[in-house]
Amino acid sequence: MEKRFLAPAEVRESFVGVGQRKAALPFGKMLISAILAGAFIALAGVASTWASMEVTNLSLRRLIAGCVFPAGLAMVVLTGTELFTGNCLMAISLLDRRITPGAMLRNWCAVYMGNFTGAAAVAAMAVWGGVFAGREDFLISAAMGKVLPPEQAVLRGILCNLLVCLGVWMAAASTDAGGKVIALFFPVAAFVMAGFEHSVANMYYLTAGVLAGAELSAADVLLGNLLPVTIGNIIGGAVFLGGGCWYIYRKGTDRNA
């Protein structure tokens, strides 16, 4: 019978190679790929917002949004584009001494910048294109609600990217497109339903809210959300999941199957 999945140790080895390839990407390709990935996440944000905005019950609203939003990561995974939160798993290559800290940080910085560009561009096109005409209040409320105390933003960021990177890991374990989408769906849906914080998604939500009229300063956006959420995303994805799986499934251990 044809094998349709990879064992955890095989997934770990695949991420070692993936991290090397990502680190070696020319800057131009890295940036364009990141812009597309940011746009894909933002497009999923637009769709999940409209799918759930008329629902008054908070639990049901989050359930509906959680069922729609995974489309963003599915588009990223199946196109092979560069998403900052998923690229936190480059820590596996770093811990395996296959890439340098400088190479990883080069990728992270370029991809973060590209993700922001793509997400903000979709936000601008959606708001200025009248996609939310008459419902700008919802965008404003969503953006204002993302300004959090730093410690809450960090912790929600950790929990979020633990799930997102788990979705990326599980997708990598599947050898066919359908299996990848199904595998990533549940962790991503879970983070949306739980109300955790994803830095790239927030690039869209905060930009859309500001363009719709939310009275948020640069300090509110950066210090009240993006900076602490990004720190949390790195801890959740690179340290907790990336570092944990690198240690558990590294060569020479009895967990190599």
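**View 1. Lining of the largest pocket.** In this predicted model, 24 residues line the largest pocket, and those nearest its centre are Arg 62, Ala 142, Lys 146, Val 192 and Tyr 205. The volume of the largest pocket is about 650 Å³. Five helices, namely H2 (27-52), H3 (58-68), H8 (136-144), H10 (177-194) and H11 (199-212), each contribute at least two residues to the lining of the largest pocket. By class, this lining comprises eleven nonpolar, eight polar and five charged residues.

**View 2. Lining of the second largest pocket.** The second largest pocket has a volume of about 510 Å³. Its lining consists of 23 residues, with Phe 15, Val 18, Lys 22, Val 77 and Val 168 nearest the centre. Helices H1 (8-24), H4 (70-79), H5 (84-87) and H9 (150-173) each provide at least two residues of this lining. Helix H1 accounts for the largest share, six residues. Of the residues lining the second largest pocket, 13 are nonpolar, six are polar and four are charged.

**View 3. Nonpolar patch on the surface.** Four residues, Leu 222, Leu 223, Leu 227 and Ile 231, make up a nonpolar patch on the surface. Together, these residues have about 380 Å² of accessible area. Leu 227 belongs to helix H12, which spans residues 218-248. The relative accessible area of Leu 227 is 47%, so this residue is classed as partly exposed.

Note on methods:
Residues are numbered from 1 along each chain as its sequence is written. This is a predicted model: local features need pLDDT of at least 70, side-chain atom pairs count only at pLDDT 80 or more; totals for chains, interfaces and linings use all residues. Side-chain values use heavy atoms; hydrogens and water are left out. Patches are made of residues with over 30% relative accessible area and no salt bridge: like charges are joined within 9 Å, nonpolar side chains (Val, Leu, Ile, Met, Phe, Trp, Tyr) within 5 Å. Accessible areas come from the Shrake-Rupley method with a 1.4 Å probe; for residues, only the protein chains shown count as cover. A salt bridge is a side-chain nitrogen of Lys or Arg within 4 Å of a carboxyl oxygen of Asp or Glu. Helices (H or I, at least four residues) and strands (E, at least two) are DSSP runs, numbered from the N terminus. Buried means under 20% relative accessible area, exposed over 50%, partly exposed in between (1.4 Å probe, protein chains only). On a 1 Å grid over the protein atoms alone, a cavity is a set of points where a 1.4 Å probe fits but cannot get out, and a pocket is an open set with protein on both sides within 12 Å along at least five of seven lines; lining residues have an atom within 4 Å of a point. Grid points are joined across faces, edges and corners, and a volume is the space filled by probe spheres set on the points. Ala, Val, Leu, Ile, Met, Phe, Trp, Tyr, Cys and Pro count as nonpolar, Asp, Glu, Lys and Arg as charged, and the others, Gly among them, as polar.
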